[in-house]
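Hi everyone, thanks for coming. Let me put today's structure on the screen, and then we can walk through it together.

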Amino acid sequence: MQAEVMSDPGEHLTTRNRRRIALIAHDNKKVDLLRWAEYNRQLLRSHTLYATGTTGTMLEYELGLRITCFLSGPVGGDQQIGAKIAEGVIDVLIFFWDPLEPQPRDPDVKALLRLATVWNITVACHTATADMIISSPLLAGPYQAARPDFAPRPVGPLLEPEPEPEIREHVVTPDDAAANRPHQEAVAR
């Protein structure tokens, strides 16, 4: 009996379906991200990977993944990834941050998550969501998230102003007075 050879789970991906995934983890979450990435190593190999410096170096060394590394998070790596999100270079953000540990970089975390939301990219902040994303058929399919259009808008009123009603004098006749009609009526132009 011959053993079944497992094929590469990402071999069917075309360049169009290959996702660009950023991986980031705070110090207390690096082991969680490493375990998650190790479990999903074959799927991750079929995508283009980016990471902040320390996280990326760890994943390259431990798992042999090819990763484009930016600076370490505290010295600008989070901002570099945020810029790539705004440029449309990154499709998915896997960011294991530690909500229980006070971070001097909390404004950086908020800014990165804000950019991911503004630009409508897929985000996971813990293993449960990361598992759902990596196992979704949409990840390897033709799905493209809609990017918002922030092109300059023309300045001016959104709607044409409605014309002012024209007030005309009405000559009161005895019949009008008897019917108790108003002395003026508004007639639209």
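Which residues of the largest nonpolar core touch the most other members? This is a predicted model, and in it the answer is L23, L33, W36, L44, L59 and I94, out of 23 residues in that core. As for where the core comes from, at least two residues each are supplied by β1 (20–25), α1 (30–39), β2 (48–51), α3 (53–63), β4 (92–96) and α6 (127–135). Helix α1 gives the largest share, four residues.

Let's zoom in on L33. Setting aside neighbours within four places in sequence, L33 contacts L23, I24, A25, T55, L59, I94 and F96. There is also a second, separate core of 14 residues, with Y50, F70, L93 and W119 among them.

Now for a pair of helices. The axes of α4 (residues 77–86) and α5 (residues 106–118) come within 9 Å and cross at roughly 10°, so α4 is roughly parallel to α5. On the α4 side, D78, Q79, I81, G82 and I85 meet D108, L112, L115 and A116 of α5. By class, that contact has five nonpolar, two polar and two charged residues.

Finally, a word on confidence. The protein chain has a mean pLDDT of 83, with 75% of its residues at 70 or more.

How values were computed:
Residues are numbered from 1 along each chain as its sequence is written. This is a predicted model: local features need pLDDT of at least 70, side-chain atom pairs count only at pLDDT 80 or more; totals for chains, interfaces and linings use all residues. Side-chain values use heavy atoms; hydrogens and water are left out. A nonpolar core is a set of buried Ala, Val, Leu, Ile, Met, Phe, Trp, Tyr and Cys residues joined through side-chain atoms within 4.5 Å. Buried means under 20% relative accessible area, exposed over 50%, partly exposed in between (1.4 Å probe, protein chains only). Contact means heavy atoms within 4.5 Å. pLDDT is the predictor's confidence in each residue, from 0 to 100. Axes are lines fitted to C-alpha atoms, for helices over the stretch in contact, and angles run from 0 to 180 degrees between N-to-C directions. Angles under 35 degrees count as roughly parallel, over 145 as roughly antiparallel, 65 to 115 as roughly perpendicular and the rest as oblique. Ala, Val, Leu, Ile, Met, Phe, Trp, Tyr, Cys and Pro count as nonpolar, Asp, Glu, Lys and Arg as charged, and the others, Gly among them, as polar.
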